Amino acid sequence: MANRALYKNRMKWVMGIFISISVLYIIKLFSLQILDDTWKDKANINALDTIRTQPPRGVIYDRYGEKLVDNEKSYELYVLPVKVGEFDTAELCKILNIDTADFNRRMEKAMRHGRRCVSVFMSRLSPQMDAYLREKAHKFKGFYLSPPIAIRKYHIQGAAHVLGYVTEVNKEDIAKDAYYIQRDNIGRSGIERSYEKELRGVKGVTIALRDPSGNIQGSYMDGQYDENAIPGQSLWCSIDKELQEYGEKLMEGKRGSIVAIEPSSGEILALVTSPAYDPSLLVGSEKGNNYMALLRDSVNKPLFNRALMAQYPPGSTFKLVNALVFQQAGAVNEHTRFSCSHGFAYGNRKLGCHGHASPLDIAGSVQNSCNAWYCRGLIAMLDDRKHYSSTEEAYAVWRKMVGKLGFGDKFGSDLPYELTGFIPTEAYYNKHYGKGRWKATTIISISIGQGEICATPIQLANLAALIANRGYFYTPHIVKAIGNKDSLNTKYTVKHNVGIERKYFTPVVLGMERAVSAGTARRASVPGVKVCAKTGTAQNPPSQDHSLLVCFAPAEHPQIAISVIVENGGFGATWAAPIASLMIEKYLKRTISRPEYEATIVGKSIHYAK
Amino acid sequence: MKTKPDWLLILIYIILILIGWFSIYATSYQPESFTMKSQYGYQLIWIGISLLLALFSYILTQNVYKNISLILYMLFSLMLVAVIFVGAEHKGAKSWVGIGNIGIQPAEFAKYATCLLVSKYVSDNNCNLTEWKYLWKVGLIIAIPIVIILLQNDTGSALPYVFLIFALFREGMSSWFLIIGSVAIVLFCMLMYMPQWAVLLLVIGIMLFILIRNRKHKRTYKAVILIFLVVISYVLSVDMIYNRVLQPHQKQRIELLFGKIDDPRGIGYNVNQAKIAIGSGGMWGKGFCSGTQTQLKYVPEQTTDFIFCTIGEEKGFVGTTFVILLYMLLIGRIILLAEANQDAFVRIYGYSIACIFFAHFAINIGMTIGLMPVIGIPLPFISFGGSSLLAFTIMLFTFINVESKSHGYEVNPTGWSQWN
């Protein structure tokens, strides 16, 4: 008999169990929905696809607004050998503009990579090729086209070291800067590296909705959180495209560099390194192989940026430095004359000199590049016990003044990978000869820019520029304006005073002027332009000497200061002077009036021992 | 004699059905246009039919139900058997029969018939559930559909029948059944987390503790030891039962529940996605038709077994809690009305359907929030599907009907005094 009242209290148990379970569920939901935020992240990871849109990289112009580098769309053609069926090889070759042999070579390479692997068949396809191929895609089974890839397009043959190149980021780049994600591009050298932040722009963000199969199903919240990409800023570099290209033409077949600077601003007009390479080689999917080939070329070292990184003994060009320093230090004055008897004898040794009038004053010493004058000058300064208690103290003063002229340290220019050159410290000599056991004659070679002293081409060009300015310089730099043509690069507008009084420049400039008109640098002359120059012949035993020249022009209102170094080029006058002459003419007059003179340089090679 | 139906139950029913329809709409709509050839369209038709059936079931008298219960029971049992032979296979389980191009699941209706028959039998004046001779017959009534459904390979649909144990408990069945059941479940859970020897040690420890405490009543020793021998043999044989009886996918689901396997991309995909959808809803939800997981169809079966995810994602904690409270109100109201009714049939029937509703509610929602293994049974009144909606509607409205027309209703609108 089922009595209603009999088990009435059992209702509480049943209700109790049901309610407990419901409360348990509500607690669980509270923790799931309110306390635990990870589910929201997981939902976003599920459904939201954050697509970064790449901004176009900034365009690089030359100082006159000529385009040097911009971007172009390119495509890659992939092949999956197992899927390749019968097709008209000739037709594909025609579209791709390759011959059958090339086709077979590429196909074999892909087969070697793996019959079941997708390999790059050809890269850097033009948009036209891409469009044509897409239309005929059904004919070429097993071939696939990539989405468009933005690559750098070069409108200049040379200037590879100035412009630098772009590669995909590596792990370190990503670790260093959170901006980068895999497959992003980054500037690796030159301007592309120094101005990476300006050139890269800001990536855009598009948040898309993605279904479980990975298909995009529209934008999240109607694009409310999307951001447009901000294109990279354009750069106007100080390079004169025509001058740069001309310099590279002149340097063809020779090793060395030309650095040309506008003295009044420190802007680099040309930065030629030879041998160089075509910057287009480092674009597209072949860039890896090309890069390795360039890297392996240990004879020519095309990746070596000589203009900034080669350190040569400056030779006689360094006499300009000493002429200024000795005057400022009071060791010599405009009336000082030192005699020369075909050289300078000290102890039982002799530093030779060529035949010239004697004795000479400062201007004459520059004009004739007299070795003895500088030896005596150095002795006059370092052995001056009236002013300095020791050689070491005098040398420290000398070194400090040389340092202010830009030697022995980097400029901190906007081109990466600058080297310092070398001006020995007192400690260096103390270690070498023992403290107090060296004097002027011990280190006499530094007077003529030999011995331990090393300088880079850009330091020498800056020397020419500071003499042209009679006492100051602006840090040599390569980028004139950022963002728009008139917004000047403000990083390099600080005038650096070199600590040498203006009057001391007069005899030096005079000497340089005479060196061109009637001295060692006659071959640097340019018709109708007053050029000031100083040759240098840097001993480089056991090989042939390096040929050096520093110069500026015109003498009164200098517009260009140049250093030229031709490795193993012999006397400074032999190769460096005519090259400088032609560069000056090109820059100032825009045309070359002396084709026969040009012909002695262009296309002429120096034979280098391997 | 009272004749008014319980409007609160009808109101809850309508709210649940609306929540269900809007959830199905949010889960299955296409932005282009409204079309009847869609899940929400079909559900609208099912809702219409349900309302008609609700009206129809209200017209009949209590005696009719009592009289047809056996016939209905036999009819649906036969249909269940028929499904084994002619049924359409769906995800490894044969539980559908096609009538024209509409598939129906007899298992949903069999629950209704079973509830009716159990109520009729137990409300019989002679029946006394404390006695085995009555109890085993009731057990048989419940066991037959369970066995047939198990033969259909549809373990999930059999589980709600087990919950009828609460209704029998209320009618006097020994509480030992509940205790034994609870102990079995607790031991099973313990075995999932602890090594067998640890569980055995614990069981023996408890036994010794009881023996020592009862040392003055040495007569009980025999019984206690006997009980514990049964428990120990259960512990020893769980592994065997678990491995032999359960099918691989069922074992995986249980292991998944206990965190023994972590495979959010494979077998754990559904539950993981369900939790992501619900968990990402936050307090207020992402808004109607604005849940990314729902709209992009990350959760499989989301209109049917996983419909609760739509509510969780788009309506948040507020929505889920509201739905749970609605179910508690529905079930609680049924139980209170059943308790208050003089008629044993009404009371037992009320308890029975309350148990069935609760089973579906607890298993379905428990599954979506990771508190129950994956068992594919619908959420009453909310999940998409004609069979379940019709069956649940008939179950509820039969109760509303017989409850309102029975004798001796004690006027007590809240029913809460019954607690004391």
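User: Where in chain B is Asp6(B) found?

Analyst: Helices are DSSP runs of H or I with at least four residues, and strands are runs of E with at least two, both numbered from the N terminus. In this predicted model, Asp6(B) lies in the segment before helix H1 (7-28) of chain B. Residues are numbered from 1 along each chain as its sequence is written, and chains are lettered from A in the order in which they are written. Local features need pLDDT of at least 70, side-chain atom pairs count only at pLDDT 80 or more, while totals for chains, interfaces and linings use all residues, and side-chain values use heavy atoms, with hydrogens and water left out.

User: Does Asp6(B) count as buried or exposed?

Analyst: A residue is called buried under 20% relative accessible area, exposed over 50%, and partly exposed in between, using a 1.4 Å probe and protein chains only. Asp6(B) counts as buried because its relative accessibility is 9%.

User: Which residues does Asp6(B) touch, not counting those up to four places away in sequence?

Analyst: Contact means heavy atoms within 4.5 Å, and on that basis Asp6(B) touches Arg333(B), Leu337(B), Ile400(B) and Glu403(B). Asp6(B) and Arg333(B) are 327 residues apart in sequence, yet their C-alpha atoms are 9.5 Å apart in space.

User: What kind of contact do the side chains of Asp6(B) and Arg333(B) make?

Analyst: A polar contact is a pair of N or O atoms within 3.5 Å; within protein, one must be able to donate a hydrogen and the other to accept it, and residues adjacent in sequence count only if both atoms are side-chain atoms. The side chains of Asp6(B) and Arg333(B) make such a polar contact, at 2.5 Å.

User: How can I read the area buried between chain A and chain B?

Analyst: The size of an interface is often given as the accessible area lost when the parts come together. That loss is computed with a 1.4 Å probe and summed over both parts; between chain A and chain B it is about 4400 Å², with carbon and sulfur atoms giving 70%. Here 38 residues of chain A are in contact with 63 residues of chain B.

User: How many salt bridges does the rule find across this interface?

Analyst: A salt bridge is a side-chain nitrogen of Lys or Arg within 4 Å of a carboxyl oxygen of Asp or Glu. The rule finds one across the interface of chain A and chain B; Glu339(B) forms a salt bridge with Lys8(A), with the closest N and O atoms 3.4 Å apart. On the side of chain A that touches chain B, H1(A) gives the most, with 20 residues.

How values were computed: Buried area = accessible area lost by both parts, 1.4 Å probe.
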